[in-house]
Amino acid sequence: MRELIGRWLHTRAQRLPLDFRVLHRQFLLRVVDLEALSIEADIPSYLGQFAGVLIMISLMHGFGLMVFPPPPGPETWVYEQARIADIQLVIGLCAVLMWDSTFPDKRDAMVLGPLPVLPRTILLAKLAASSSVLGIALIALNFASGAAMSIVFGGGSNGMIRFFLGWSFTLLAASAFLYGAVLAIQGLGALLLPRKLFLRASAILQLAAFGGVLAGRFLHPWLATFSELTNPAHRTLLAWSPTFWFFALFNHINGTLPRELQWIANRAWIALAIVLTASLSSLALCYLRTMKNTVEQPDLEPGASSLAWLPRLGSSLQSAITLFCFRSIMRSRQHRVALAFYWSIVFAIALSMARKMITEPPHRVSNGLIMPTILMMGFAVVGLRGVFSLPISLKANWMLRITQLRPTSDYTAATRRSLQLFGVLPILIVAAVLAYHFRPLSHAYRHVAFLAVFGCILVELSLIHFDKVPFTCSFMPGKTNIQVIFWGAAFVCIILALLFGAYESQALAQPRQYAILLAWSLAAAVGLWIFNRIHARTAVLYYEEVLPEVIIKLGLTVLPAAQAQQKP
Amino acid sequence: MLELRRVSKHFSGIPAVDDVSFCARPGQVTGYLGPNGSGKSTTIKMITGLIEMTAGQILFNGNLIDDDIVSYKRRMGYVPEEPHLYNHLSGAEYLTMVADLRGLPARPASERIDGMLRLLSLYDDRHAGIAGYSKGMRQKILIAAALMHNPDLVLLDEPFSGLDVGSALVLRSLISELAARGKVVLFSSHELDTVERISDRVVILHRGKVVADDSIERLRSLMELPTLEAIFSQLAVEHDTDSMARQLADLIRA
């Protein structure tokens, strides 16, 4: 079957122009930046593993729905709204992660500019590459859950088919809307703003879009009944929420939309038309107008001026490494988006808690505070540590090796400082704000104090055998089994957080038990710190570099035929 | 004094540098020449400690460099062949990072960086990203980073690459000035005219082996050739260059 599909796809692909096929393949592989990977990385396998994570989510949703179907009535609509919001979240995050991959960049302009390749071929190849990734994500995320929904909600074979087709079309439209909106914002920005300003604004827009996508999912209210949906108080919400537009669109296609809500479905069609027109026209104009500007302008603009005073973050080495980490994360798209993957989970948890803070009265300190903040700390530190493993420029590492004048333990201390500053500290601040919603306050802030120690433990765990400077070694995604690691880690983390949350909520109420818990945690942190310090004394800093394994020659040798001519 | 004793480096069993020995003395500029692939950059990388030797010894002031690599690195400045830099930093940020990594005191280092950036005509662009720098500007950043700590040993691998005429003249004088101040200067270049003007002695490498190691005057008189270019052609260029050019032109036409 796999062979048949492969052969069919190959035959279809052969009909496309050669230059388009070559570029499409290149751009598709470049969704994951090649520089960020080890030379041994297997990129298709890496992408396949991410698809595997999404397939697992889909299977879990589908299985859950088949085993525990919601009762007919209002919960069906809520389920549909939530699933549309989930798909929008995933597609939105993908679109944000692929941020400017559809637009002409300097590398493309420099390499492809002198070649006889039309700008429209580049544009179409890039669009096709981005669409392929989004399509794979959409299919992977929907195939099992969509089928299960059709069986549970469809009612009869005809109803099932109609439901499945309508649902699939709705998700496709919702995805196209989101991706189109991202492209339109960027395209209009690129056309209207001077390039230097656009490059700066683009990074801010990316972060704003990231926040918007998360807030759109985790702060979104659900409207379960017909009376709620027709309540005039909710009219503004319905008018401006894409989730409700596409929820109405689906029910319109499925024939289950009340006439009073038809106007919401119409909004989906109008929004889709506007967004697709704006994105495609702005993209086309970008390729025609800004390709030359792209060559002339540097892609990176760190700022016209710099602060005369910069904070000293410890010793000169600690300052150098910490500022290097900060700048790498802030200025490198690859690193920003990789970190965003983990931080999206942190933000999602924080936003869910913030929503409760706004809408509900204060809660008692329990798992509602403990587990989410522990998970936030876990994802923040692990995510940062993961991003530290992505190289920024392997070939530039020689400078760090030439200037390595201090022992490995000093470099470990500098990395520790970076993890504490950019991983632990922000979560502590957020947790301290969120803790204000819990009572008694003394218990809530005891938990924050414990969280600080827990963060230090995680930092020390992250540093075990990390004999490297952040961003100097290449990660080998193709060689790791991401889906197993991801689900394994998520499962273990949640179980541990649940068990621990129950224990800690008891301990917070009893000063003696809390003191013992804190003492043991401190002992663990100090023990790990000592272990890392002793290990670093004898460890040698490791750098991965692309060294030539063979001697490279120009091969300018006299051809045998010419030699023969010269001999007489 | 920098001394190489029977240094070799093999990549996958193929010798890139084969039994190389020579000395570079303080107060002298030593030119290190050879065709592409002859092993010049590999030798310099071994001297910096970036790659391991397969065999041999490297000594600086009579001590094996591996005996105290840290104090050796403190006294060494290196300009690599390729201007690989962290492109996401600005020129000023990169130099400040190098100064911090070298442990130079913050205020004097900052003043020195500012001064170097002014002299190298990079001051106005110091806050722009290195990604936007020209090859010459990157080369200047490399030179500033290599010299900011006042090293005793200066290793320059193709330091003139990408520099405009004015900057190349400044660098040429700078190399002589550094040697005059008692530093050990070893530099490799394909610009034979420049090497001839500023080098006190040259080491010529061919297929990983030293084929000449002497002062230019002695080589001229020994080989009875008028210029360094003629000496180099005789020792290290195997092919008839005119014939090769003709063949390439014919190949394109075909």
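**Exercise 1.** Which residues of β7(B) lie on one side, which on the other, and are they buried or exposed?

*Solution.* Start with the model. It is predicted: local features need pLDDT of at least 70, side-chain atom pairs count only at pLDDT 80 or more, and totals for chains, interfaces and linings use all residues. Residues are numbered from 1 along each chain as its sequence is written, while chains are lettered from A and ligands numbered from 1 in the order in which they are written.

Strands (E, at least two residues) and helices (H or I, at least four) are DSSP runs, numbered from the N terminus. A residue is buried if 20 or more other C-beta atoms lie within 10 Å of its own, exposed if 12 or fewer, and partly exposed in between; C-beta atoms are placed from the backbone.

Now locate the strand. β7 of chain B covers residues 153-157, and five of its five residues are buried. B:L153, B:L155 and B:D157 lie on one side. B:V154 and B:L156 lie on the other. Both faces are covered.

**Exercise 2.** Find the strands that pair with β7(B), and follow the chain onward.

*Solution.* Two strands pair if DSSP finds at least two bridges between them. Take β6(B), residues 76-79: β6(B) pairs with β7(B) in the parallel sense over four bridges. Here B:M76 has B:L153 as its bridge partner.

Take β8(B), residues 184-188: this pairing with β7(B) is also parallel, over five bridges. B:L155 stands opposite B:L186. From β7(B) the chain crosses through helix α6(B), residues 165-180, to β8(B). This β-α-β crossover is right-handed: with the strands pointing away from the viewer, the path from the first strand over the helix to the second runs clockwise.
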